[in-house]
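I opened my notebook to look up a few things in this structure. My entries follow, in the order in which I made them.

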Amino acid sequence: MKTKKIFTAICIILILQFALVSTVSAHIDTNDKWSSNRVYFKPVYAGSDANNRIREAASDWNSKVPGFTFSESSSSFHQLGPDPGGMVPYGVAAATYYWVNPNTGYIEECDVYYSTSLSWHYGTSSPPSDKFDFLTVTKHEFGHWYSLDDCYESSHSSSLMYYHIDVGQRKSISSHDYNPARIMYP
Amino acid sequence: MKKSNFIIVLSILLAFIFLVSLGANKNARIAENEINKSNLIGHVHSSNIKFDDEEIFGYADLVAIGKIVEVSEAKYEIQDFHSKQLPYIYKDYFFEITKDLKGDLPQGEVVTVRVPGGEIGKHKFVTDSISPGTTYRQLLYLKEWNPIDDNKVTYTILGGPQGKYELREGKAVGFEKSISEEIFLEKVKGFKEKYGNKVVLPPGVIK
């Protein structure tokens, strides 16, 4: 009788582990990752407000995923800045481009380009209803640096990694967003 | 050892093996430390703007029903990604218009929808861009845009999955909703009557 209970408990644990990993995997784009648990980025906006929000977004992710660190470096070639042209289509707020060496699975290059077709809110306060929140979009893009995929489940439409953002909307990093990143970088 | 203890030890061991195996594949790849920068795999992720039905109609340059009559082979252009010059791979989808709802293009006109992504030899470019379907008639919300700047008039599907509806079995099937084709088209025609071919910028969009 006791053996049966133990066996049942173990089965439940294993099923829960499998369910956890399956859920997490659904939000990881690939197994691509960085070769180090620290990656350097360089904000390249002319205005300090935009660059400060980029730093704030990086810092927020750092607090949510202790096993991985975003650090700023003026010599980094992983840059975040406005679209020089042709990188961000109409209807898109920002795009992250990253490049992986298929032999190692390591990301070697990562850049974020922001639309120049939008009216951005670069402040720390909540965005007004006629501007897109630069901080929220930057946090979303940094999520892709962990190779997190966009989320397309409408039940998670309020999560940071959902595939679209509304004007005047501010989102924060939730467990739905950071748990897969923690698995990638324990 | 008691039978129950043996089962516990065995289960812990199995759980450990299970967890370790999750990372084994990655470690094996990491061990292959051969750098070949010429065949980097590109990935693109886009944050789309949320549109409602009226906004996406107003912002589109062209709204039309049609079908894909041809898809090009993957093509590429070398682009400057800050520190590296890398191939930007894309495909052209040729969309034949059967009914124009905004833009005043004649029936039978074929327009090019340029979609990033594809594979050429050892080069691969993986994107989350939406491609037009090739099976069903579809309604597309299109915006003139050309990432390659080759002096051709090409279009992009607006708003990712929000800009594409398949018309099948009397329904307009979009990513987030599926409604009667008749009702859907009546609604779109209402926007046409309201805005004509005029481009209306949604809130927060400046160009």
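**Entry 1: a definition before I start.** I count a salt bridge when a side-chain nitrogen of Lys or Arg is within 4 Å of a carboxyl oxygen of Asp or Glu. Side chains of opposite charge can pair when their charged atoms come close.

**Entry 2: ground rules.** I am reading a predicted model, in which local features need pLDDT of at least 70, side-chain atom pairs count only at pLDDT 80 or more, and totals for chains, interfaces and linings use all residues. Residues are numbered from 1 along each chain as its sequence is written, chains are lettered from A and ligands numbered from 1 in the order in which they are written, and side-chain values use heavy atoms, with hydrogens and water left out.

**Entry 3: chain A as a whole.** I looked up the secondary structure, where helices (H or I, at least four residues) and strands (E, at least two) are DSSP runs numbered from the N terminus. Chain A has four helices and eight strands. Their order along the sequence is α-β-α-β-β-β-β-β-β-α-β-α.

Next I checked burial. Buried means under 20% relative accessible area, exposed means over 50%, and partly exposed lies in between (1.4 Å probe, protein chains only). Chain A has 186 residues, and 55% of them count as buried.

Then I turned to contacts (heavy atoms within 4.5 Å). Among contacts in chain A with a separation of 6 or more, 69% come from residues 24 or more positions apart.

**Entry 4: helix H3 of chain A.** How far apart are the end C-alpha atoms of H3(A)? They are 17 Å apart. The 12 residues, 134-145, should span 16 Å at 1.5 Å a residue, so the two values agree. The expected span is 1.5 Å times one less than the number of residues.

I also checked the surroundings of H3(A). Of its 12 residues, 12 are buried, so the helix is largely enclosed by the rest of the structure. The buried residues include A:Phe134, A:His140 and A:Trp145.

After H3(A) comes A:Ser147. Its phi is near 65°, a positive value in a residue other than glycine. A:Ser147 sits in the loop between H3 and strand S8 (164-165) of chain A. A:Ser147 is buried, at 0% relative accessible area.

**Entry 5: salt bridges.** How many salt bridges are there over all chains? I found 15.

One of them pairs A:Lys139 with A:Asp60, and the closest N and O atoms are 2.8 Å apart. A:Lys139 lies in helix H3 and A:Asp60 in helix H2 (residues 48-64) of chain A, so the pair ties together parts 79 residues apart in sequence. A:Lys139 is buried at 8%, and A:Asp60 is buried at 17%.

B:Lys192 is in helix H3 (residues 181-195) of chain B, B:Asp104 is in the loop between strands S4 (84-102) and S5 (110-116), and the two are 88 residues apart. B:Lys192 is partly exposed at 26%. B:Asp104 is exposed at 55%, and its phi is positive, near 55°.

My last pair was B:Asp150 with B:Arg114, with closest N and O atoms 3.1 Å apart. B:Asp150 is in the loop between strands S8 (137-144) and S9 (154-157) of chain B, while B:Arg114 is in strand S5, 36 residues away. B:Asp150 is partly exposed at 27%, whereas B:Arg114 is buried at 1%. Shared partners join B:Lys75, B:Asp92, B:Arg114 and B:Asp150 into one network of salt bridges.
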